[in-house]
Amino acid sequence: MRVRMAPSPTGPLHIGTARTSLYNYLTARHEGGTYVLRIEDTDTARSTVDFERDIIDNLHWLGISWDEGPQVAGGDDVGAHGPYRQSQRLERYREESARLLESGAAYHCWCTPEELEAVRKEQEARKEAPRYNRRCLNLSDEERAAFAAEGRPSVIRFRVEAEPIRFDDLVRGEVEFDNALLGDFVIVRNDGMPLYHFVVVVDDEAMEITHVIRGEDHLSNTPKHIALIRALGYHEPRFGHIPLILNADRSKMSKRKSQTSMTAYREEGYLPEAMVNFLAFLGWSPGTEEEVFTLDELEDRFELSKVHKGGAIFDRDRLDHLNGVYIRALSDEQLALRLRGWVPDAVRDDDLLHLVPLIKERLVKLGDAPSLIGFVWEPDEVVASWYSPELLHPKKGGPPEARAALEGALRVLGELDDADFSADVLEQRCREAADDLAMKAGDFFTPIRVAITGRTVSPPLFASLEMLGRDRSLARVADAIEKLAEVAA
RNA sequence: GCCCCCAUCGUCUAGAGGCCUAGGACGCCACCCUUUCAAGGUGGAGAUCAGGGGUUCGAAUCCCCUUGGGGGCACCA
């Protein structure tokens, strides 16, 4: 079995492309097949090497690897079926279109876009299917020669036979189309660049692809491909059309309505293993109630035959949940390592490691870390700017209660030396202080929490104090008291 | 407009004729734990299986129709 993914570098890696790539990858691995990456860059106007890099890097990031094709953006090919970039295969396409021309399966067409548009309008007015009227197929030799002599550029059209096309789709079963409804479509543009439907067929043959697994949006294009395959005398691969990933309104997932670029999710701090797990379950399930799977396990369990037919909405809540599951499953050391990019360089590795237990179970995405523990490395003024004096008030209480708690804290913290400034001791002393003041523990802690972290929601208070250290903690409590006073004045 | 595909809680899904008075997960709501928030635990609301016809002793599961949704019909991929 040989399968492939064929992204077009006309944009960053799309969630849908990633999922299709994943399904291909899993199928190849599960069946012991070969996986090929082909870059479909015939749209020279929109393709860039930067997009190619985004696609390849993100695929690697997800843990998807391939046996043939470029491994690095702009890099050399690996594999015996290259080149793997369509822009480097132009000669082959030219030869194959020449064969089609010669056999009469394709013909030159000189119609201008304006002429085509006029015909289309007429057909619409008559409620006919809009398709090419074959004017150029029926040209006399003299007319043809005249156009050619004129030097007018021409496209090459494939002559579609009026016949039913039937195939057994790997996920949908028997599907039948009537090619009599199809018009003769263009396979080579008038500037000589071959078009998608044509190159995809040429390449799949050249790369000996046996199973074409792609999005359902290609289902109705398949009869075109099969017609082309037959005209060229190629081997017909099996086709499998997987369901689409949908926007919240059930339309095909799009940039307009959803965040579709993998890079964006990566930058928010989703883990690749969570993304893979999530994507795999959008349209597939093992048929059991298990739902947390590593890539390895997916390779083992994935079966194309269990892929669904209906589309699935991309549900961020579910992704978030899974991401949390994977984050919590990481060791402190592993999580600290992953967090490195989200935390300032000034924060030392061993400090970061100590911070990890404070946030591990409240992290949804890695990118949430700064808002949770930023108070540790941000300067006092910055943290103070995060809150207004009213936030210092305990739930049931106002400025007097806040002041009492903060002054109590100032005294308690001041009594401890650096060696005793640990979460355990801190908690014990603060509880005693709360008792002395006849305050509920929670009411006593709230003003301190806000003074220290700048927020009403934070990691556990005493561990936070310990991380901050005696001097900075005292300074922040003092700042808070001052802030309270300013309002009173 | 034409062609094709699809249809189980809000969402992802289990379900391949009797195990289904439809199960799980996310989300939501309560309660417990608790210094906040999470995490965790317990419980709950939530689907007449889109609707209607068949087939069958028996249908979420098979067939047909309707409805709804989606995709495709480019000198984009």
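Colleague: In which strand does Glu176 lie?
Modeller: The model is predicted, so to speak of local features pLDDT must be at least 70 and side-chain atom pairs count only at 80 or more, while totals for chains, interfaces and linings use all residues. Residues are numbered from 1 along each chain as written, chains are lettered from A and ligands numbered from 1 in written order, and side-chain values use heavy atoms, without hydrogens or water. With helices (H or I, at least four residues) and strands (E, at least two) taken as DSSP runs numbered from the N terminus, Glu176 falls within residues 173–178, which form strand β6.

Colleague: Which residue is joined to Gly82 by a cis peptide bond?
Modeller: The bond in question has an omega of about 0 degrees.

Colleague: Does Arg134 count as buried or partly exposed, and at what relative accessibility?
Modeller: Arg134 belongs to the loop between α4 and α5 (141–150), and phi there is near 65 degrees, a positive value in a residue other than glycine. Buried means under 20% relative accessible area, exposed over 50%, and partly exposed in between, by a 1.4 Å probe and protein chains only. Arg134 therefore counts as partly exposed, its relative accessibility being 24%.

Colleague: At what relative accessibility does Arg250 stand, and in which class does that place this residue?
Modeller: Phi of Arg250 is near 75 degrees, again a positive value in a residue other than glycine, and the residue is placed in the loop between β10 (245–246) and α8. Because its relative accessibility is 55%, Arg250 is classed as exposed.

Colleague: What elements are included in the cover over the buried residues of α11?
Modeller: The buried residues of α11 are Leu319, Leu322, Asn323, Gly324, Tyr326 and Ile327. The elements that cover these residues include α8 (262–268), α9 (272–280) and α12 (332–339).

Colleague: Which element gives the most to the lining of the largest pocket?
Modeller: A pocket is an open set of points on a 1 Å grid over the protein atoms alone, with protein on both sides within 12 Å along at least five of seven lines, and lining residues have an atom within 4 Å of a point. The lining of the largest pocket has 42 residues, and Ala6, Ser8, Thr17, Asp217 and His218 lie nearest the centre. At least two lining residues come from each of β1 (2–5), α1 (15–31), α2 (49–62), α6 (196–206) and β8 (211–215), and the element that gives the most, with six residues, is α1.

Colleague: Which helix supplies the largest share of the lining of the second largest pocket?
Modeller: The second largest pocket is lined by Leu116, Val119, Arg120, Gln123, Pro130, Arg131, Tyr132, Asn133 and Arg157. Four residues of this lining come from the segment 113–125, and this largest share belongs to helix α4.

Key. On a 1 Å grid over the protein atoms alone, a cavity is a set of points where a 1.4 Å probe fits but cannot get out, and a pocket is an open set with protein on both sides within 12 Å along at least five of seven lines; lining residues have an atom within 4 Å of a point. Contact means heavy atoms within 4.5 Å.
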